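Visitor: I would like to go through this assembly with you. Could we begin with the conventions and then turn to the details?

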Amino acid sequence: MRFVDEYRDAQKAQALAAKIASLCEPGRHYKFMEVCGGHTHTIYKHGLEDYLPETITLVHGPGCPVCVIPMGRVDDAIHIAEQPGVIMTSFGDMMRVPGGHGSFFDSMAQGADIRMVYSPLDALKVARQNPDSQVVFMAIGFETTAPSTAMTVLRAKAEEIENFSIFCNHVTIIPAIKAILDSPDLRLDGFIGPGHVSTVIGCRPYEFIARDYGKPLVTAGFEPLDVLQSIYMILLQLVEGRSEVENQYSRVVPYDGNRRALTAINEVMELRPYFEWRGLGFISHSALRVRERYAAFDAERIFEVPGGRVADPKACQCGEVLKGVLKPWECKVFGTACTPETPIGTCMVSSEGACAAYYNYGRFARERVKEATTR
Amino acid sequence: MCLGIPGEIVQIIPDRPDLAKVDVSGVRRAINIGLLDGEHLAPGDWILIHVGFALSKIDEEEAKAALAFLEGIGQAYADEMAALRDSTIEKG
Amino acid sequence: MSDERPRAEAARDRDVPGDREAQVLERIERARHRKARVREERINLSHGAGGKATHTLIEAVFMEAFRNPLLEPLEDGAIVDGFAFTTDSFVVTPLFFPGGTIGDLAVNGTVNDLAMCGARPRHLSAGFILEEGFPIADLRRITETMAAAAEKAGVQIVTGDTKVVQRGKGDGCYINTAGIGVLDRETRLSVSAARPGDVVIVSGPIGEHGITIMLARGELDIEADLTSDTAPLSALTGLLLDACPDGQVRFLRDATRGGVATILNEMAEASKVSVVLEEDAVPVKTAVRGACELLGIDPLYVACEGRMVAVVAGPAADTALAALRSHPLGADAAVVGRIGEDPPGLVLLRTAFGGTRIVDVLVGDPLPRIC
């Protein structure tokens, strides 16, 4: 596959790893946060940590839209799905995510009509095909996904489709990064910036991180060499005493983002005063809701949603994991009470969550496995 | 956080200028290109696909430059390793 | 587990981070071996997906009720009085798809389960559960493909049953087949027979059936030139077992629900061995890979209906490969990994990128994802 295979080359990885090792100051420990869950997935799926010196720790950030949805919102979505005449549509990612009373899958087992879609446009198609049902799309995602939802609402309006609405759970990445930067128990040396969010928002919104907090940020692609190269670029900044926003993923990310996409979001959605993030709590201006003039497409206005809050279980230490204070395996319930089948906390609910990625891909003792895997 | 996959435009769908048929390694799907208004997309262009929408047009020049960098350090590393091997052989 | 204790205790005294992680990993392994318990109050789709949820259901409900020495090994079929005996039910949507029908699956699935026991498949039963209103013409199409598949596999359908359910209570047509096969070879295959030094072979490119079905449902609006790999594997297993006699073939399993990854996990667990797979060596067709990348699915978990995993003694690897490649269905057979000692029960993957990761059992069906 073009633009994929060439960034999975083991030999180039060895070369980059050597460069990275040579840039590390002896005795110094580095902590870099990959903001985006997609990067977490890449790191574990390709076994990228095998190439990093032990003095570099990757902290897995909050950029997993599935993980950060609070359980109360899942319950609200299920409440909507269980109304008579409703067809709920959702990305596959959400199907197994538990709220306070089970997941979409559990709700389906009780008789709710919940269908998986690949695109919000497919949800609109379901609405066209089922004019007698109310079709609701469970909208999740960061700024990467919000434009697609917005375009779908615009299309629904243009086609005068009256039985389609969205349950809007879109979140914005910058306030989450800021919340992490402002948390007192945090020590990070740099950021691997979210690549696909940046196709929409561009790289400028990160400039305050370099300017005000003095941390380098490199916007990175999602193939393993992209991530390795970004780590190299961050280290180079540290060695040269710079803190800048750089763009490793320039083949895909224009520095100024996608204006058309931002316009679409802004047309249909506006910032909520505040929104709850699982593991991080309430963050102001960190999520989107449907604007008044598109109220006809807003499931929150059409249906009465209970809007209950479900507190994260006390044993759960996701907040600390998200901030990099704890590694996934350092959490008290990791892997025993909290597993991908029975997730307690946000980091375990999606394959992009730090704990799920570690559990599914990285749950082995490196020293022991070294012998097994070398011929 | 967001799965984005590169694909090649094989056709702009007639009567639907906001839709393109895109090929991802032998698999084809209609992708909405409405977010790339004004990019003058044509067959042969590569785009980044996310949930059925094209989010950006892949910049071939930038990709070339990035690969050249990676190949450069890959080559330098290979040379270094070869030199190291030679020197150990000589010593041995 | 017991030989690990001293290491863990020593680690607690020293409190070295790497050792603390090892302790956690041990704790997790213990948790994973706890008695299976069904947490759900109702059946959901995960229970039928062949992953962890299916396994839990089998252990906690069926095994609890039916436990006996013939059932306990949980192989593809039971060995009874010199015969292999197995059953399988087929509930596929759509009923007709590129490369086959539910009828092909129903015959080949049971033929393959028998073949994986090392048996020569002989006789099949066929039970039909039909929905009121189902077109007879469609039923004919299905039975024709079943007859053709049976002929190809050299088996006879010798008994059957028909039930009709009310409209809306079935998906058109469900089929159950059971089968018996003759065990006339010495080799006894078992999921617990793999040993360090053995190699893992897959008989051809993986995941084509699962992706074909996913696309044939039409919901994803994705087109690809893919056809189901459904096929009878008894000729292939015959060639392999004849070429590698005397127990050199340890274990065979057709890679259906849960894919290659799930089988290898079951085998690693039962045989108390590790598996190290080489990502580069696993054959995957380009279009299958494209669909998997697009949908965020790992081909190692996607079902096949005409591919098998074989575990063979290391020295017999070349002979086994040659035997498989001599048959069209095994033309692309490849050694994809090897069996090691440590850590027992774990399937590891050396990625094409040069890293290492685990290949775990899936909780439920692989779902298309966006993130």
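This is a predicted model: local features need pLDDT of at least 70, side-chain atom pairs count only at pLDDT 80 or more; totals for chains, interfaces and linings use all residues.

Visitor: Which strand order does the open sheet of chain A have?

Guide: The order is β2-β1-β7-β8-β9 (chain A), five strands with parallel pairing. Strands are DSSP E runs of at least two residues and helices are H or I runs of at least four, numbered from the N terminus; two strands pair if DSSP finds at least two bridges between them. The edge strands, each pairing on one side only, are β2 and β9 (245-247) of chain A. From one strand to the next the twist averages 20 degrees.

Visitor: And which helix packs on that sheet?

Guide: Helix α11 (residues 224-239) of chain A does, touching β1, β2, β7, β8 and β9 of chain A. Its direction makes about 150 degrees with that of β7(A); axes are lines fitted to C-alpha atoms, for helices over the stretch in contact, and angles run from 0 to 180 degrees between N-to-C directions.

Visitor: How many bridges does β7(A) form with β1 of chain A?

Guide: Three bridges link β7(A) to strand β1 (residues 30-36) of chain A in the parallel sense, and F32(A) has G190(A) as its bridge partner. Another three join β7(A) to the parallel strand β8 (residues 217-219) of chain A. There, I192(A) is partnered by V218(A), and G193(A) stands opposite T219(A).

Visitor: Are the residues of β7(A) buried or exposed?

Guide: G190(A) and I192(A) point one way, F191(A) and G193(A) the other, and all are buried. A residue is buried if 20 or more other C-beta atoms, placed from the backbone, lie within 10 Å of its own, exposed if 12 or fewer, and partly exposed in between. In a regular strand the side chains alternate between the two faces of the sheet.

Visitor: New topic. Why is α15(A) described as largely enclosed?

Guide: Eight of the eight residues of helix α15 (residues 354-361) of chain A are buried, so the helix is largely enclosed by the rest of the structure. Those buried residues pack against α2 (37-45), β2 (56-63) and α14 (318-322) of chain A together with β15 of chain C.

Visitor: How many residues does chain C bring to its contact with chain A?

Guide: Chain C provides 44 residues and chain A 54; residues are in contact if their C-beta atoms, placed from the backbone, lie within 7 Å. On the side of chain C, α2(C) gives the most, with eight residues.

Visitor: What about chain B?

Guide: Its contact with chain A takes 29 residues from chain B and 48 from chain A. α1(B) gives the most to the side of chain B, nine residues.

Visitor: Finally, which residues have the most contacts inside the largest nonpolar core?

Guide: They are I201(C), L264(C) and A291(C), in a core of 260 residues. Such a core is a set of buried Ala, Val, Leu, Ile, Met, Phe, Trp, Tyr and Cys residues joined through C-beta atoms within 7 Å. Helix α4 (residues 102-116) of chain C gives the most to this core, with eight residues.

Terms used:
Residues are numbered from 1 along each chain as its sequence is written. Chains are lettered from A and ligands numbered from 1 in the order in which they are written. Two residues are in contact if their C-beta atoms, placed from the backbone, lie within 7 Å.
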